[in-house]
Amino acid sequence: MNGPMIEARALTKRFGPFVAVDGIDFRIEPGEAFGFLGPNGAGKTSTMRMIGCVSPRSGGVLRVLGLDPTDDGPEIRARVGVVPQEDNLDTELTVWDNLMIYGRYFDLPRREIRERATELLEFVQLSDRRSSRVDPLSGGMKRRLTIARSLINRPELLLLDEPTTGLDPQARHLLWDRLYRLKRSGVTLVLTTHYMDEAEQLCDRLVIMDNAQIVAEGSPRQLIVDNVTREVVEVRLAIDADPAAEVAKLKRFGDRVEALADRVLVYTDDGDATAGEVASDGFDAASVLVRRASLEDVFLILTGRTLED
Amino acid sequence: MSTPPLLRVVEREALVYARLWRGLAFSTFVQPALYLAAMGIGLGGMVSAHSGRVDGLAYLDFVAPGLLVASAMQLAASESMWPVLGGAKWMRQFHGVVATPIGPGELFGGFVLWTALRSMLGAAAFLLVAALLGAVPSAWGILAVLAAGLCAAAFCAPITAFSISQDSDLSFPLIMRLGVLPLFLFSGTFFPVSQLPSGLRPFAVLSPLWHGVELGRAATTGRFDFAAVVVHVAVLVACIGVGATFGVRAFARRLSA
Ligand SMILES: Nc1ncnc2c1ncn2[C@@H]1O[C@H](COP(=O)(O)OP(=O)(O)OP(=O)(O)O)[C@@H](O)[C@H]1O
Ligand SMILES: [Mg+2]
């Protein structure tokens with residue numbers, strides 16, 4: 001494909017007077033894995049639904065596969081795969097029937113669907129469950145089935161809204177592996193998440209959304225380099241400590257200090273040295289831990305809040 | 001060769017039905033048999049003994065088409081409530097459909113079409129049982145299945161339009177009790193509307209079920225007035241039209257907001 005996979009300019013979504021997406025700009029190239037990272041209510045799902053042509057935009061420009069969702073919704077949807085935030089499988093039917101029915105929505109010949117369904121169940125490791133009803137499957141299996149279903153039309157673009165939320169670490173790693181393979185096979189991935197490790201694992205490039213707006217854009221590494229020091233010292237305060245006073249004292253140790261409910265983050269380029277200084281100063285801490293800076297820190301510094309709240 | 005989106009929605013519903021039909025088949029045949037035995041033969045026997053014919057028909061012949069079409073309405077009405085809200089809110093499969101090339105309006109249309117078809121399956125079973133009991137004097141009776149389908153769609157379209165916009169199922173039992181049940185009882189199903197108090201009689205004309213029952217009765221008895229048939233069909237088509245106008249919009253509002 002020539003030109004971008006998706007292009008948005010001043011893209012806006014309003015629900016009545018409420019602004020869910022406030023004039024955002026982004027551009028996603030073919031073959032990229034692109035992420036929307038943000039806390040609850042940031043506007044990630046609203047954005048994904050506009051891209052997936054199930055929600056008309058309230059303003060701005062949007063092109064998906066070079067087409068305008070307003071005019072070419074069905075044609076775009078025919079070429080896009082969608083993994084929604086909430087599973088919407090036919091739970092009273094079998095795994096196999098779910099794929100057959102979904103394939104028919106795309107008007108694929110049954111024969112073709114059978115071939116693809118067999119391959120896709122293999123791909124998401126559900127072949128042995130093909131005759132089982134969906135209802136009793138685990139959350140991770142349902143998610144994998146939803147991914148298989150989203151691929152039944154061989155999409156050029158796959159939209160994944162929080163693909164691994166609520167799954168255990170093992171199930172998440174399996175999903176990440178499958179998504180990584182898809183990316184390698186040339187499918188453009190667009191995903192939302194509020195897990196920074198997921199964004200770091202999967203995304204070539206991402207935007208951080210907060211309050212309906214994009215607050216930063218770049219590769220995971222670039223975002224960290226641009227916004228945060230290399231390392232972070234996490235100081236867990238003693239239970240009886242006065243947080244405000246302790247934060248004031250810690251300020252002199254790092255380039256920047258952020259106070260959270262139960263701990264204080266000291267941003268520094270040399271974590272071990274700073275941790276040493278904190279310790280030798282006789283600082284009253286329950287624990288001191290050094291780690292590399294992450295996207296979580298980028299978010300905290302840009303918005304003053306953590307991703308989880 | 002491409003299949004219209006509407007029919008692809010019907011395919012899905014038909015597959016679900018095919019997977020579950022064994023559980024449904026029993027009630028499909030047993031319910032009409034019970035109704036006809038109790039109303040047609042039991043009650044009908046008494047009616048015949050006391051007052052002879054009803055509208056010039058044996059009571060069994062009178063009540064059979066009424067029950068046939070009214071059952072179709074009942075089925076269509078309940079299928080248009082819980083499963084619709086389920087598709088939008090509980091199970092959410094409707095959201096899965098509109099993420100494909102199929103649009104919300106087509107989903108609505110396919111759903112109504114399927115409900116009509118499914119009601120016709122039930123009506124065909126009913127007709128068969130009624131015919132075996134000798135309650136279908138005319139060969140035109142086969143058209144009663146169409147009357148049932150039309151009547152089912154006339155209820156399905158507006159009720160589905162309503163259901164999709166609901167946030168809970170609280171109103172559904174009320175609709176069944178205060179809407180569907182009174183219509184079931186007073187739309188010329190069990191007795192001619194001429195038996196209604198004169199003040200209420202004109203209201204029967206407002207009941208889509210009455211039009212459906214009259215059509216069904218015209219078919220099974222073979223006695224009909226062409227002009228009346230045209231009016232009945234027109235009223236039912238109008239109900240479908242109004243329901244579809246609201247339904248297409250309501251589906252878009254709920255599923256593609
Ligand atoms: N149909 C709707 N009607 C009214 N408000 C809505 C609707 N859908 C979303 N919103 C509001 O828009 C805002 C953004 O919602 P959205 O679902 O896009 O956020 P999100 O980033 O996906 O959040 P989450 O991480 O919780 O999924 C929220 O405040 C939400 O309440
Ligand atoms: Mg969301």
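R19(B) and D97(A) form a salt bridge, with their closest N and O atoms 2.5 Å apart. A salt bridge here is a side-chain nitrogen of Lys or Arg within 4 Å of a carboxyl oxygen of Asp or Glu. The rule finds six salt bridges across the interface of chain B and chain A.

This is a predicted model: local features need pLDDT of at least 70, side-chain atom pairs count only at pLDDT 80 or more, and totals for chains, interfaces and linings use all residues. Residues are numbered from 1 along each chain as its sequence is written, chains are lettered from A and ligands numbered from 1 in the order in which they are written, and side-chain values use heavy atoms, with hydrogens and water left out.

**Interface of chains A and B**

- Contact (heavy atoms within 4.5 Å) takes in 24 residues of chain B and 27 residues of chain A.
- About 2200 Å² is buried between the two chains, and carbon and sulfur atoms give 52% of that area. Buried area is the accessible area (1.4 Å probe) that two parts lose on being put together, summed over both.
- In chain B, the residues that lose the most area to chain A are R12(B), P101(B) and A257(B), together 23% of what that side buries.
- The rule also finds 13 residue pairs in polar contact across the interface, both residues at pLDDT 80 or more. A polar contact is a pair of N or O atoms within 3.5 Å; within protein, one must be able to donate a hydrogen and the other to accept it, and residues adjacent in sequence count only if both atoms are side-chain atoms.
- On the side of chain B that touches chain A, α1(B) gives the largest share, six residues.

**Ligand 1**

- Ligand 1 has 14 residues around it (a heavy atom within 4 Å); among those that come nearest are G41(A), K44(A) and T45(A).
- A polar backbone atom of G41(A) is 2.8 Å from an oxygen atom of ligand 1.
- For K44(A), a polar side-chain atom lies 2.8 Å from a ligand 1 oxygen atom.
- A backbone N or O atom of A42(A) lies 3.1 Å from an oxygen atom of ligand 1.

Terms used
Helices (H or I, at least four residues) and strands (E, at least two) are DSSP runs, numbered from the N terminus.
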